[in-house]
Amino acid sequence: MIHDILIWPDPKLREAAAPVTRFDEALDTLVHDMFETMYAAKGVGLAAPQIGVGQRVVVIDTSPQDEGAQPLVLINPRITRAEGSRLWSEGCLSVPDEQEKVQRAEKVWVTALDQKGNEIAIEADGSLLALALQHELEHLEGGLFIDHLSTLKRGLIKRRMLRLKEKASTRKRG
Ligand code: NI
């Protein structure tokens with residue numbers, strides 16, 4: 001099922017997500033829905049809080065930009081090590097049609113559980129995956145890439161998002 005993606009500012013995007021403790025059918029459904037929602041929106045990553053689910057679940061698929069990339073499911077992920085720094089141009093499905101440069105690490109190491117609860121380790125260096133990991137994991141803490149921008153820039157984007165939300169709700173009513 002394709003879910004609505006929450007648009008910033010939405011208080012649910014600001015809540016820290018809770019760890020997953022049950023690897024059951026409900027988790028399989030959530031992961032399936034998250035991929036479906038991400039692909040429908042043409043995104044390369046999605047975190048559960050973006051569809052209003054406060055759980056530490058992330059899906060990422062950076063193909064075809066990253067050659068040979070596979071769809072990734074990350075449960076309770078954490079960055080164990082980060083190195084270097086790089087200015088990336090970033091966007092977010094919860095902040096549609098906005099692209100801004102953000103300083104991130106060049107290389108990250110992440111540990112997580114897969115959908116079955118098995119431990120996995122990922123290393124990403126200078127690729128879109130390295131950016132996606134940092135961006136999506138930030139969502140689990142209630143963070144967004146716009147937090148890295150100046151107050152002025154964030155204010156302008158906020159006004160555009162509020163107008164967008166207003167238009168969307170007018171369409172729904174009418
Ligand atoms: Ni995002």
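This is a predicted model: local features need pLDDT of at least 70, side-chain atom pairs count only at pLDDT 80 or more; totals for chains, interfaces and linings use all residues.

Biologist: What makes Phe35 and Tyr39 a stacked pair?

Modeller: Rings of Phe, Tyr and Trp (its six-membered ring) pair if their centres lie within 6.5 Å; planes under 30 degrees apart are stacked, over 60 edge-to-face, the rest tilted. Phe35 and Tyr39 are 5.9 Å centre to centre with 20° between the planes, so they count as stacked.

Biologist: Why is Phe35 called buried, and what is Tyr39 called?

Modeller: Buried means under 20% relative accessible area, exposed over 50%, partly exposed in between (1.4 Å probe, protein chains only). Phe35 has 14%, so it is buried; Tyr39 has 40%, so it is partly exposed.

Biologist: Which atoms are the protein donors of the nickel ion?

Modeller: Cys92 SG, His135 NE2 and His139 NE2, at 2.1 to 2.2 Å from the ion. Donors are N, O and S atoms within 2.8 Å of the metal (3.2 Å for Na, K and Ca), and with water not among the atoms, sites may look incomplete. So these three qualify.

Biologist: What makes Arg81 sit over the ring of Trp109?

Modeller: The rule wants NZ of Lys or CZ of Arg within 6 Å of the ring centre and within 35 degrees of the ring normal. The charged end of Arg81 is 3.9 Å from the centre of the Trp109 ring.

Key: Residues are numbered from 1 along each chain as its sequence is written. Side-chain values use heavy atoms; hydrogens and water are left out.
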